[in-house]
Amino acid sequence: MGKILACSCDRLRVTSWIILSHQQESDMAEDSDLEKTEPASPKRLEKAREEGQVARSQELTTFTVLMAAAGSLWFIGSTIMHKLVAMLRNGLQLERELAHDQALLLPRLLQVTLEGLLAIAPLFAWLALVALVAPMLLSGWLFSAKALVPDIKRLNPTKWLQRTFSVGGVIELFKAIAKALVIGGVAAMVMWQFKEQAFNQISMPLNLGLAAMGELMVLIFTLVVAAMLLIVLIDVPYQLWNHARQLKMSKEELRKESKEDEGDPQVKARIRGLQREAARRRMMAELPKADVVVTNPTHYAVALKYQDRSMQAPKVVAKGVHLLAARIREVAAEHHIPVLEVPPLARALYHHVELEVEIPEKLYTAVAHVLAYVFQLRRYQNYGGVNPPKLPEIMVPDELDQPA
């Protein structure tokens, strides 16, 4: 008795262990379905883009704007410098009227200020245009009104702390430190490299020294900005990867999206069933108007109708197999519609002609023989006379006596 109880306990433990294992596997499967491991679907990417959520690289924008500034200084820097020097010279010259009439000082100051703004306006306009175009290099043209809608959640200090001390925040911190080290190091090396030229310009005449100093400063600025290219080459792939990571979806989300797009399979099956049922009711309503039903003799049944004034060729008004074929034969018998056993023609019509569609030209001869026999039979039944001969053997093309 004790052995039996021990064996029962062992079996109970094993059964409990199996159930627990299956439950753990099921829980793990559910957890894996909820993990965001799948790439974002096109619909998810489009929705994120509509909300203004795209990959952005601030480093790319900064680098593009600064390089545009450096290029502008190389091409129009001397022109801007000449205009600013002329403005400064005119501003430091005081006529006798200005010295004795303070009311003229303010208009003169406004005039000098306007000249300075006009001198640097082309540069600022060009940089403003570049600043607008630069973000499009990574994400293309995007205007999202949703991104402009005020969101109180953005003011939540908890969210700000989470972003600051998250993995992304730590990466941004290290990126800022690396950027400072790279730019600072390159700037120090460049200035050290050109220190002798800078000292030599002290002994040059003022106008020549200023021109040489300006060229040297533009050269140093260009080299320092070019050093940012290394940061851009690292930041752009990271931003693309991080954007894709943030938009990842779980398997459950993909299934839900697929159901929303394609519809629930059960609902679709129910709709198809209702459509078939409606089509069957319409078909059975048209069946009493048929002229003849051809059968196979039990598997297939196809009803044909022909009106020479409104139809170019006979049409199939009903067709079915097995139980539906039997129902078509019953309705045909109730309405005294001739039922003829023409197996090849029944198969060809069922497989190759849809409901309410005229028969193909290749079946004209076969159907014509059948209808001619039916019309002769109807005349005999209504008016008497000579009984029509037996229906001859009906042949159809071999390619139509096969399923489509």
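Guide: Buried means under 20% relative accessible area, exposed over 50%, and partly exposed in between (1.4 Å probe, protein chains only). Trp241, at 51% relative accessibility, therefore counts as exposed.

Visitor: What kind of model is this?

Guide: This is a predicted model: local features need pLDDT of at least 70, side-chain atom pairs count only at pLDDT 80 or more, and totals for chains, interfaces and linings use all residues. Residues are numbered from 1 along each chain as its sequence is written, and side-chain values use heavy atoms, with hydrogens and water left out.

Visitor: How is a pair of aromatic rings described?

Guide: By the distance of the centres and the angle of the planes. Rings of Phe, Tyr and Trp (its six-membered ring) pair if their centres lie within 6.5 Å; planes under 30 degrees apart are stacked, over 60 edge-to-face, the rest tilted. A search of the whole structure finds two aromatic pairs. Tyr238 and Trp241 form a tilted one, 6.1 Å centre to centre with 35° between the planes.

Visitor: Where do Tyr238 and Trp241 lie?

Guide: Both are in helix α10 (residues 206-246), three residues apart, about one turn of the helix. Helices (H or I, at least four residues) and strands (E, at least two) are DSSP runs, numbered from the N terminus. Tyr238 is buried because its relative accessibility is 17%.

Guide: Tyr300 and Tyr350 form an edge-to-face pair, 5.2 Å centre to centre, 65° between the planes. This pair links distant parts of the chain: Tyr300 is in strand β4 (residues 300-305), Tyr350 in helix α14 (residues 343-352), 50 residues apart.

Visitor: Is Tyr300 buried or exposed?

Guide: Buried, because its relative accessibility is 16%. Tyr350, at 23%, counts as partly exposed.
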